[in-house]
Amino acid sequence: MNELLDMGGYAIFVWSSYGIFFFSLIIFFLINISNLRKYEKIFNKTKNKIE
Amino acid sequence: MYIKIKNNHIEFIKSANPYLIFATIFAFVIGLYYSLFQSPPDYIQGDSMRIMYIHVPSAWFALMTYSILAGSCVLWFITRNPLFNVVARSIAQVGMVFTLMSLITGSIWGKPTWGVWWVWDARLTSMLILFFLYIAYIFLWQAISNKELASKISAALAIIGFINIPVIKFSVDWWNTLHQPASISKLSAPSIDVSMLIPLFIMTAACFLFLVTVSLIRFRLVLIENKMLRTSSL
Amino acid sequence: MSNLIKRDLLLSFYSSANFFFTVSFFILILMLIPFAFGTQTEQLKVLFRGVVWIALALSIIITVDRIYNDDYEDGNLDIIMQKNKTTEYLIISKYITHWFIYCLPLLVILPVLSFLFYLDYLETVQIFINLFIGSFGMVFIANFVSALTLGARRTIFLKAIIMIPLFVPFIIFGSDAGSWPILLALSMLSFVISIYVTAYGLRLYGE
């Protein structure tokens, strides 16, 4: 396990790049999902008002 | 070639969404297992070349997304079908994220292999320019208040920016710079071992699934945005 | 077309940017080199070749708001476009005036400036040729960006973000001494793209 975490001396580079990559992908995904929910809510509200 | 988006299409996309999310997570888990545990370290670069498994797919999809973006803008101008504009607008931000990721991971990879975080060579610089092209496309649309006009203007800009894509693609071949040339360009005999090829392709598939998932979510978002703009309730 | 050119030149002379302002701008930008980088002769020579292009790019970037926006906002653009059926005349006259006001002053004072930065006669001629050819290309690019972003007001940074990537090839080949044929090709290419895109943008906003 320690060998894996060490990554042959390149631990900082490998883990930080993987971390940044997945962190920003997840954040980007969550932002879009929450925006979609928000817009759907507003849209349904206004649609009900028009009807 | 007029494709109209109907309600049942959107319903289908909506119902496919959880499966796509699940498939993306599954592919990323498999890809992580292969790229971190199962693949051997490179005999020159050691374990630092494991960054390749996220760097290369994100760079590929940065280029592919811009090609799709410019292509759908061209198709929009030709066919006048608003679907292509929606596609372009929903895919642009994913491409921006992939470009940024390829720049950051490439920079982190450059430190142990080249000894520096950043080199001003042709490929890196043109990739940086690609990032600014994405920013220009996205923010020009937001800056112009008349949204129909904004779509046309930013689409024209995206088409002009496409000049950059061949420059990025062939910059390593045209100018002999520090960045290594593509290892998998020749389909028959790639200059990379199979044990490294498998995690690379799994990660590529995972990134593709992510691209599809998020673009479909953004597709729905953009459609709602368009409807709201039409009824001016935004 | 000559009327349009005359009108633009007079307007700029009496209002915002006459010849002396632009010349002072270039001299002041280049004056910053010794302050920023020290006064070694060899270093100054190298820096001058690059910074002269940056000064040109800056003068085009900060004036991109003036090419079509004033005319668009006070309604003159519509009148001009209705009077001349071919929009291209308007565009070409704008190219000429924009180059005349914001690029020609640099070329005029270039011999003096390069004398101040210890460059010899031959090098000055090379820089002059490169600047003369490349500045046209940069003006073409600035024109179509200005026409496309007419609706986005007061977004000078966004326009700079759009323009600077397109300026990059000019600056790469411009700071290289013998590459004027490539610059000529780039300028011609940007002319072809620019005249279509500018006309497209102006028609979109003119409707």
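**Exercise 1. Classify the exposure of B:Arg80 and describe its backbone setting.**

Solution. Step 1: apply the exposure scale, on which a residue is buried if 20 or more other C-beta atoms lie within 10 Å of its own, exposed if 12 or fewer, and partly exposed in between, with C-beta atoms placed from the backbone. B:Arg80 has 10 other C-beta atoms within 10 Å and is therefore exposed.

Step 1: B:Arg80 belongs to the loop between helix 2 (52-79) and helix 3 (82-114) of chain B; helices (H or I, at least four residues) and strands (E, at least two) are DSSP runs, numbered from the N terminus.

Step 2: inspect the backbone. The phi angle of B:Arg80 is near 60°, a positive value in a residue other than glycine.

The structure is a predicted model, in which local features need pLDDT of at least 70, side-chain atom pairs count only at pLDDT 80 or more, and totals for chains, interfaces and linings use all residues. Residues are numbered from 1 along each chain as its sequence is written, and chains are lettered from A and ligands numbered from 1 in the order in which they are written.

**Exercise 2. Carry out the analysis of phi, location and exposure for C:Tyr118.**

Solution. Step 1: C:Tyr118 is not a glycine, yet its phi is positive, at about 65°. Step 2: C:Tyr118 sits in the loop between helix 7 (104-116) and helix 8 (121-148) of chain C. Step 3: C:Tyr118 counts as exposed because it has 12 C-beta neighbours inside 10 Å.

**Exercise 3. Determine the class of B:Ile135 and list what it touches.**

Solution. Step 1: B:Ile135 is part of helix 4 (residues 122-143) of chain B. Step 2: B:Ile135 has 18 C-beta neighbours inside 10 Å, so it counts as partly exposed.

Step 1: two residues are in contact if their C-beta atoms, placed from the backbone, lie within 7 Å. Leaving aside residues up to four places away in sequence, B:Ile135 touches B:Met96 and C:Ile161. Step 4: for a separation in sequence and space, take B:Ala92, which is 43 residues from B:Ile135 in sequence and 9.0 Å from it, C-alpha to C-alpha.

**Exercise 4. Describe the largest nonpolar core and the surroundings of B:Leu157.**

Solution. Step 1: a nonpolar core is a set of buried Ala, Val, Leu, Ile, Met, Phe, Trp, Tyr and Cys residues joined through C-beta atoms within 7 Å. The largest such core has 116 residues, and those with the most contacts inside it are B:Ala88, B:Leu157 and C:Leu56. Helix 7 (residues 194-230) of chain B gives the most to this core, contributing 15 residues.

Step 1: B:Leu157 touches B:Ala136, B:Tyr137 and B:Leu140 as well as C:Leu148 and C:Ile162, when residues up to four places away in sequence are not counted.

Step 2: as background, nonpolar side chains tend to be buried together in soluble globular proteins.

**Exercise 5. Summarise the architecture of each chain.**

Solution. Step 1: chain A has two helices and zero strands, and buried residues make up 14% of its 51 residues.

Step 1: chain B has seven helices and zero strands. Of the 234 residues in chain B, 41% are buried. For contacts in chain B between residues at least 6 apart in sequence, 77% join residues at least 24 apart.

Step 2: chain C has 10 helices and zero strands, with 38% of its 207 residues buried. The corresponding share of contacts in chain C, among those between residues at least 6 apart in sequence, is 79% joining residues at least 24 apart.

Step 3: the radius of gyration is taken over C-alpha atoms, and the globule rule is 2.2 Å times the number of residues to the power 0.38. A compact globule of 207 residues would have a radius of gyration near 17 Å, and the 17 Å of chain C agrees. The C-alpha atoms of chain C fill a box of roughly 55 × 35 × 30 Å along the principal axes.
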